[in-house]
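Subject: Structure handover and notes

Dear colleague,

Please read the notes with the structure open beside them.

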Amino acid sequence: MNSSPATVSSSTTLAEAKRRRTFAVISHPDAGKSTLTEALALHARVIGQAGAVHGKAGRRGTVSDWMSMEKERGISISSAALQFSYRDAVINLLDTPGHADFSEDTYRVLSAVDAAVMLVDAAKGLETQTMKLFEVCRHRNIPIITVINKWDRPGQDALALMDEVLGRTGLTPTPLAWPVGEAGDFRGVLDRSDGSYIRFTRTDGGATIAGEERFTASQAAELEGEAWHTAEEESGLLELEGQQHDQDTFLAGKSTPVLFGSAVLNFGVHQLLDVLVDLAPSAEARVDAHGEPRPVDAPFSGFVFKVQAGMDTAHRDRLAFVRVCSGVFERGMIVTQAASKKPFATKYAQQVFGRDREIIDTAYPGDVVGLVNAAALRVGDSLYEAQPVSFPPIPTFAPEHFMVIRAKDSSKYKQFRRGIEQLDHEGVVQVLRSDLRGDQAPVLAAVGPMQFEVAEDRMNNEFNAPVKLERLAFTIARRTTPDWIPTLARERSVEVLSRTDGDLLALFSDRWRLQGVEREHPGIVLEPLVVS
Ligand code: GDP
C-alpha cells in the first residue's frame, strides 16, 4: 500500500513544483522534433526509463498491445510525456503528434504545458503546422522559446528569419545567442548575455554530446575572423532594435528568446536545456473554472487532456492522461471526478511515452500520469482529492476536415447512434448536425484526418456498427449566428450545421469562397474559430 498523501509535506510539494518545467515542441513535420527530443534526452538523465526514447524507426515494429491501426502504419497515435532531469530541474516534454497523426489531441496537449519550444527549420521558416500550433499557444499566452534548427545546412539569413518570426507571430524575437557562420557553416554562437563565443565541435555521428568551448570576443575574432565580426555586427543591430531578452514580456507571451542549433549534431541543445531551466516558468497555481488559482500545495488536483482508446483491443483499454495541477499524486489514491462526483481508483497509473509504459508511483504538479481503465474519464475532466476543484474545459478547435458518416446496415441504427454519441462525448471527433442531413447522416469534423480513422475503427469494432464515410469538400469552418442561416442557405457550396456545444458552424470549401460570401454580405457574422 502506498503512503497516504498527507505524508508529503506542503513544502516538499512546493519545492517539487518549482523544479518542474513542462513544455511541448511546436513544429512542422521534418523540422527535427524527434531528433531534438533524442538530443535533449541525451543531455539529460531520463528518469526511470533508460532507453525509452526511440526515433521513428525504433518505434516501428515494436511488439505491443497498441491499436492495430497504429501498428500497421508504424506511427504513434499517443501523445504523452517524457520525463528527465537536468541540473536541479525535472523536465516534462509532452509529445505533440504531427505528420499523419496530427489531430485535435495535438492542440489539446498545449492545454497541459507551461511553455512551448517553437522549432523552426532554418531553410523553411515558419510552416503551416507550426503556425496552427502557435495560434493555440498565443490564445493561451503560453511563453515560447524559439529554436532555429538545422543551422548546419544551407538556409535563410538569420536576420531575415527574425523578421519572419516578428511578422508572422507578432512576438519580438530576442536572440540569446547569435550564430557565428551562416546557415551551412555553423561554427558556434555568440552568447549575447556577455559577448563571449561558444565554439561547437562536431563529434562522430552526433551520437555523443557535442564539444563546446568558450572563448573571449578577441579570441573569437582571431579564430573566426569575418564570421565573428558579422555575428557581432548583427547582434549589435538587434540591440539597437531593442531585441534583448526581457523576462516579463517572454512570460506574457509577447517576446520570444531565440536560439540557433543543430539537433542532429547536438549543437545548441545544452543551451536550450539551460534556457528551459533558467527562464521557462515552473509549475504554478492553475486557475480554476471560477478564475481562482488553485495553489500548487493544495491537495491533489489535475485534469484529463487526452484519452487514448483501444490500445488494448482485448480489454477495451482506455488511458486517460492527466496533468497534475496541485498536490501529490500517489498511485493507489482514490480521487474524485469533479463532473460526476464519482470516485476513481488510480491503481494503475503509468508514465507513457511512445510505446513505453512504466508504472508511476508519485507525481507532482507539472507531471503527467496515464490512468488505465479510465473508461469513465473524458477530455477536460477535473480530478481532485479532498478539496473540490474544476478546471476550465478544454476548448474545441477549428476543424478542417469533414465527412458524412452513415451506418452500413440500417438495422444497426441503435448501435450507430450510441457510438456517435460516445465518440462525440469523448471528443474523438466533433459531431455536426442539421435538419437537412438528419440523424442518420451526421457530419464528423476533425482537425486531422486520423481522427476519422479512429472513429471508423471504433464504430466497426467497438460499437459493432459498421459505417460508411464520405468526404465533404469543405476545409474551413466559421462561427455564425441563427439570423444568418437563411442568407447562408442560399449560397452555393456553403452549409450551416450545429455542433453539440451549441455553436453554429458555416462550412466553406476554401478561403476564396469564404471571402466571396463576406464580400457579398457586408456585416455577416463569420468568426474564425482557432479555438472556441
Ligand atoms: P520531425 O518530423 O520534426 O520529428 O523531424 P525529424 O527529427 O524526424 O527530422 C527530420 C529530418 O531532418 C531527419 O532526416 C533528421 O535527420 C533531419 N534533421 C533533424 N535535425 C537536423 C539538423 O539539425 N540538421 C540537419 N542537417 N538535419 C536535421
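Predicted model: local features only at pLDDT ≥ 70, side-chain atom pairs only at ≥ 80, totals over all residues.

Residues are numbered from 1 along each chain as its sequence is written.

The chain holds 15 helices and 32 strands, where helices (H or I, at least four residues) and strands (E, at least two) are DSSP runs numbered from the N terminus. Of its 532 residues, 49% are buried, a residue being buried if 20 or more other C-beta atoms, placed from the backbone, lie within 10 Å of its own, exposed if 12 or fewer, and partly exposed in between. Among contacts between residues at least 6 apart in sequence, 71% join residues at least 24 apart, a contact meaning that the C-beta atoms, placed from the backbone, lie within 7 Å.

Around the ligand there are 15 residues, of which G32, K33, S34, T35 and V264 come nearest; a residue is near a molecule if its C-beta atom, placed from the backbone, lies within 6 Å of it. Helix α2 gives the most to this shell, with three residues. By class the shell divides into four nonpolar, six polar and five charged residues, with Ala, Val, Leu, Ile, Met, Phe, Trp, Tyr, Cys and Pro counted as nonpolar, Asp, Glu, Lys and Arg as charged, and the others, Gly among them, as polar.

For "binding site", an unreviewed UniProt entry lists D95, T96, P97, G98 and H99, although such annotations may be inferred rather than shown by experiment. D95 lies in the loop between β4 (89-94) and α5 (104-109), and it is buried because 23 other C-beta atoms are within 10 Å. G98 is found in the loop between β4 and α5 and counts as buried, with 24 C-beta neighbours inside 10 Å. Not counting residues up to four places away in sequence, G98 touches P29, K33, T106 and Q129.

Finally, the axes of α2 (residues 33-43) and α11 (residues 269-278), which are lines fitted to C-alpha atoms over the stretch in contact, come within 9 Å and cross at roughly 75°. The two helices α2 and α11 are therefore roughly perpendicular (65 to 115 degrees; under 35 is roughly parallel, over 145 roughly antiparallel, and the rest oblique), with angles running from 0 to 180 degrees between N-to-C directions. A39, L40 and H43 of α2 meet V269, H270 and L273 of α11.

Best regards

Terms used. Contact = placed C-beta atoms within 7 Å.
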